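Here's a quick briefing to read alongside the sequence and the 3D view. Take a look at both, then work through the points below.

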Amino acid sequence: MSLTYCAAAPGHPFHGPYHEREYGFPSADERILFERLVLEINQAGLSWLTILKKREAFRAAFDGFDVDRVAAYGETERARLLADAGIVRNRLKVDAAIDNARRIIALRASHGSFDGWLRAHHPLGKAQWVALFRKTFRFTGGEIVGEFLMSLGYLPGAHQPDCPVQAAVLAEAPPWKSAVDAGFTGYND
């Protein structure tokens, strides 16, 4: 039997802080949203621990996840990223990060912000979110979208009900909890 993340993360030098301070907590900050999307995309095929260990290198490589700066990247920056051993050097993932930054800028025109776009579509079940993300962003399959949304409180399940962090998450009124309190029952779709 494998341990849940809530049982395995506490005390771990990388998983512990992420589990206790970030995972499942809502955020409207564009840099945080973009960072989480880029990290989830880069985790595909790798362990989350690998990504957490490379997180500071990702922040440096992607200019602190400044959406405007990343959206302006051209061939020089793309080549720099593909040569950076501190991050995941995958052409499809690098291209997705740059293109997704441009798509977030487009969302500003239609929804005011990435957060505004998320809130405008909430609540949805996971399958509906995945379909929407696939139409809107690059390199966003079911696991990537599910973890992204769970990590930011748009889907339930980040923490076990008896996890001490769950109370702190609930105190922040994650979008999924507000939807359930209002009668939404579509998270099991």
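**Helix α9 and its surroundings**

Let's start with helix α9, residues 126–136, where W129, V130, L132, F133 and T136 are buried (buried means under 20% relative accessible area, exposed over 50%, partly exposed in between, using a 1.4 Å probe and protein chains only). Looking down the axis of α9, these buried residues fall within an arc of 165°, so they line one face of the helix (the arc is taken from the directions from the helix axis to the C-beta atoms). This is a predicted model, in which local features need pLDDT of at least 70 and side-chain atom pairs count only at pLDDT 80 or more, while totals for chains, interfaces and linings use all residues. Residues are numbered from 1 along each chain as its sequence is written, and side-chain values use heavy atoms, with hydrogens and water left out.

**More on α9**
- Helices here are DSSP runs of H or I with at least four residues, numbered from the N terminus.
- On the face turned away from the buried side, α9 carries the exposed residues A127, R134 and K135.
- The cover over its buried residues includes α3 (30–43), α7 (91–111), α8 (114–121) and α10 (142–151).

- G141 sits in the loop between α9 and α10, and is partly exposed, with a relative accessible area of 23%.
- Not counting residues up to four places away in sequence, G141 touches V130 and R134 (contact means heavy atoms within 4.5 Å).
- From C-alpha to C-alpha, G141 and V130 are 6.6 Å apart in space, and they are 11 residues apart in sequence.

**Nonpolar cores**
- The largest nonpolar core has 49 residues, and F58, F62, F114, L118, W129, F133 and L149 have the most contacts inside it.
- A nonpolar core is a set of buried Ala, Val, Leu, Ile, Met, Phe, Trp, Tyr and Cys residues joined through side-chain atoms within 4.5 Å.
- Leaving aside neighbours within four places in sequence, F62 is in contact with V38, V70, Y73, L81, I87 and A97.

Key: Helix = DSSP H or I, 4+ residues; strand = E, 2+ residues; numbered from the N terminus.
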